[in-house]
2 protein chains.
Amino acid sequence: MEEAAHPYVPKDLKLPGYVPISMSMSSILSVYLASSLFVASLVWFLFGRKKLKLDKLLMCWWAFTGLTHLVLEGYFVFSPEFFNDNTSCYLAEVWKEYSKGDSRYAGRDSAVIAVEGITAVIEGPASLLSVYAIAKGKSYSYVLQLAISLGQLYGCLVYFITAFLEGDNFATSSFYYYSYYIGANGWWVLIPLLISYRSWNKICEAAANGVETKMKKKIR
Amino acid sequence: MEEAAHPYVPKDLKLPGYVPISMSMSSILSVYLASSLFVASLVWFLFGRKKLKLDKLLMCWWAFTGLTHLVLEGYFVFSPEFFNDNTSCYLAEVWKEYSKGDSRYAGRDSAVIAVEGITAVIEGPASLLSVYAIAKGKSYSYVLQLAISLGQLYGCLVYFITAFLEGDNFATSSFYYYSYYIGANGWWVLIPLLISYRSWNKICEAAANGVETKMKKKIR
């Protein structure tokens, strides 16, 4: 009789005191998209002057992903009972909605919390540091971007592998499976892959130039 | 009545068909230590000629950790029923013994398998590539070492955080807890931390020199 008091799969997931979502999917997504666009525009127009377009784009990405890690994922990690929230708090609504794509969020799966914890506490602040590092042309800019991107990729791997090993049956419907679980996370595979590739090459170039310079000095 | 047919904690862990360890702890450890020493000496004397001592030490570490990842951890990942092995296969004995420090290995915890899978399949071959990269002074040497070390650290974080979240009660006794779970894994925290720190600094130095060279060229 107690079963399915929530919309999530598996149906026998226990969520005592679950309070249903009060915001619509479109409102939740609109707020996220609008605030992300706001952050990106701010970075693009205020901090990105005299920068190459690609650097400006990267700064927008790091500001966006850093705030997503810190605010959204940080809230999830430290709010074990978000599904009981009855204040229509936006952050709780986000995770009630996302749990339709992966109920392990509502169910507090330990692998998900571990990955989200590392992402929120380490990668969030590090991503914001990347914005600063690119803006100021710091020497650690590429290695920092590489380290965070590899962390994001490692996190995604653990996230997808554990779901697969546990039966891959955590989505309310295939719509939520493909749009939230695959679609939303796909960006955090694709973009970190591209940034890792670029940063890796930039670092190797600098290292190769260093060896060249040393050899020239020796020949002189 | 079926409980405690195995030596692991928690006692209610189900391991149908469990075959007890046949090798002693000292034999298992001796084989591991002796073969590790053999690999390290081989690298030190054969491949490390004309190298600085620190580079030789690093090559020994990468050969040792790479083979541990590939052989020991690779066996674990792809042998879901190692606890049923009755052939006294050395690799099965290793994991039957190690499970006394963390029964999630015998219990096939999905977070452990995910981390071990990434470690065996990606970090194992990458570690062996590091031996080659250091030997040949490749330009990607430091960035490769950094990437693997950060991966090892991420893996350890997931490993320890998930155990903590699940009650941290997977060791047969505090002896096994501190010697296997904390002690053995501690090396894979300490050494990757040191290597990450060094590689990070080397990469930043090269990047800073690159910027300096470019500026000198501009001034000329």
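**Group meeting: a first look at this two-chain model**

Okay, let's start with two tryptophans: W61(B) and W188(B) are both buried. Keep in mind throughout that this is a predicted model.

So what do these two do together? W61(B) and W188(B) form an aromatic pair, and the pair is tilted, with 5.8 Å centre to centre and 45° between the planes. Now, look at where they come from. W61(B) belongs to helix 2 of chain B, residues 53–77, while W188(B) belongs to helix 6 of chain B, residues 174–219, so this pair ties together parts that are 127 residues apart in sequence. If you're wondering how many aromatic pairs there are over all chains, the count comes to 45.

While we're on rings, have a look at an arginine and a phenylalanine. In chain A, R104(A) lies over the face of F170(A), 5.4 Å from the ring centre. Over in chain B, the charged end of R104(B) sits over the ring of F170(B), and there the distance to the centre is 5.4 Å.

Let me step back to chain A as a whole. What is it built from? The C-alpha trace of chain A spans about 85 × 40 × 25 Å along its principal axes. Of the 220 residues in chain A, 49% are buried. And if you take the contacts in chain A between residues at least 6 apart in sequence, 72% of them join residues at least 24 apart.

Next up, the place where the chains meet. On each side we have 31 residues: 31 of chain A in contact with 31 of chain B.

Which elements of chain A give two or more residues to the side that touches chain B? Those are helix 4 (110–135), helix 5 (141–165) and helix 6 (174–219) of chain A. The largest share comes from helix 5 of chain A, with 13 residues.

What about charges and polar groups across that boundary? Between chain A and chain B the count is 0 salt bridges. For polar contact, the count between the two chains is 2 residue pairs, both at pLDDT 80 or more.

Definitions and conventions
Residues are numbered from 1 along each chain as its sequence is written. Chains are lettered from A and ligands numbered from 1 in the order in which they are written. This is a predicted model: local features need pLDDT of at least 70, side-chain atom pairs count only at pLDDT 80 or more; totals for chains, interfaces and linings use all residues. Side-chain values use heavy atoms; hydrogens and water are left out. Rings of Phe, Tyr and Trp (its six-membered ring) pair if their centres lie within 6.5 Å; planes under 30 degrees apart count as stacked, over 60 as edge-to-face and the rest as tilted. Helices (H or I, at least four residues) and strands (E, at least two) are DSSP runs, numbered from the N terminus. Buried means under 20% relative accessible area, exposed over 50%, partly exposed in between (1.4 Å probe, protein chains only). A charge sits over a ring if NZ of Lys or CZ of Arg is within 6 Å of the ring centre and within 35 degrees of the ring normal. Contact means heavy atoms within 4.5 Å. A salt bridge is a side-chain nitrogen of Lys or Arg within 4 Å of a carboxyl oxygen of Asp or Glu. A polar contact is a pair of N or O atoms within 3.5 Å; within protein, one must be able to donate a hydrogen and the other to accept it, and residues adjacent in sequence count only if both atoms are side-chain atoms.
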